[in-house]
Amino acid sequence: MNYIGSKQKLSSWLLKNVKGACGSDLSNKVFCDLFAGTGIVGRTFKKEVRQVIANDLEYYSYVLNRNYIGNHTQLESRDLLIQLNELPLKKGFVYEEYGEGGKAERLYFSAENAQKIDAARTQIAQWKVDGKINEDKYFYLQASLLESADKIANTASVYGAYLKKLKTSALKTFVVEGAQFEKTDGPHLVFNEDSNKLIHKINGDILYLDPPYNARQYGANYHLLNTIAKMDIFVPKGKTGLPAYKKSAFCRKSEVLKAFEEIIEYGQFKYIFLSYNNEGLMTKTDVRTIMERYGKYDLMTRDYQRFKADKTENRNHKASNTTEYLHILEK
């Protein structure tokens, strides 16, 4: 999934620096990814540590992490995926509000694909109600649906707007493909909470922070994934069909420093790592000043090409280099 702020390209660099600070053997450590997004970082550490704690306020992120992090044992799902892909078309909420030919005339999905998404999400929910699938399979299928829907969405990578014409990838037939996860010995924890509230309830060894760094609201840019996952029925607002969404303190210049220091102060973790870049609301000096109040501080940097949405047939393109800061605190 294309995702603003994804650390997929930086995951090996992050792992190297965490091991450099905490030791090469992490097998007895509890690792927390407090702003987990699509779970790329948690997935990287899942096979390295004893337990991962993953959290994100956005529900679509919770669904993805509940599968990729929370699921850790073998699931028999092949027959379920086959059944989902053989369902008859259904003109439901996604079709009417976000599909080609729907009453709202929004072009997020082709007519056929929107109906396939409606059919699949309705069936997954019904299987859960009927007791045909347990929680693990439910979130596996939900994550599979989200990942597969994202591949054929008619957007420039985010859902803040749709393209005026169906692009090539949006014309492909929608197929629900399994969202495979790493199998591990021990269980993991996944939350769907405000990070500044959850930080008072959890503890561990390594706390990784990758909060929003500017005024961009993830609830707006990925709203349709929330709608699909939640089976929401509501009155979409405006041309793009936005629902109501919660704004993060980390996206507000007036609130971000207070929110950040609360996490640093109350985080019951020996090591805290913050991923942030040179375009963020908090300056490098802001972060260092706060972290140094609570222990030993260090900083690692790396230049990389950041994600940038594009309004062409390409889902993204390379932009100029951005400097990624990895702020490190040993409390």
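Predicted model: local features only at pLDDT ≥ 70, side-chain atom pairs only at ≥ 80, totals over all residues.
Residues are numbered from 1 along each chain as its sequence is written, and side-chain values use heavy atoms, without hydrogens or water. Local features need pLDDT of at least 70 and side-chain atom pairs pLDDT 80 or more, while totals for chains, interfaces and linings use all residues.

**Cysteines.** The structure holds 0 disulfides (a disulfide is a pair of cysteine sulfur atoms within 2.5 Å). Cys-22 is in none; its nearest cysteine sulfur, that of Cys-32, is 13 Å away. Cys-22 is buried at 12% relative accessible area. Cys-32 is buried too, at 0%. Buried means under 20% relative accessible area, exposed over 50%, partly exposed in between (1.4 Å probe, protein chains only).

**Helix pair.** Helices are DSSP runs (H or I, at least four residues), numbered from the N terminus. H11 (residues 256-266) packs on H12 (residues 284-291) at about 35°, axes 10 Å apart. Axes are lines fitted to C-alpha atoms over the stretch in contact, and angles run from 0 to 180 degrees between N-to-C directions. Leu-257, Phe-260, Glu-261 and Ile-264 in H11 meet Asp-286, Val-287, Ile-290 and Met-291 in H12 (contact: heavy atoms within 4.5 Å).

Most residues other than glycine have a negative phi.

Notes: Helix = DSSP H or I, 4+ residues; strand = E, 2+ residues; numbered from the N terminus.
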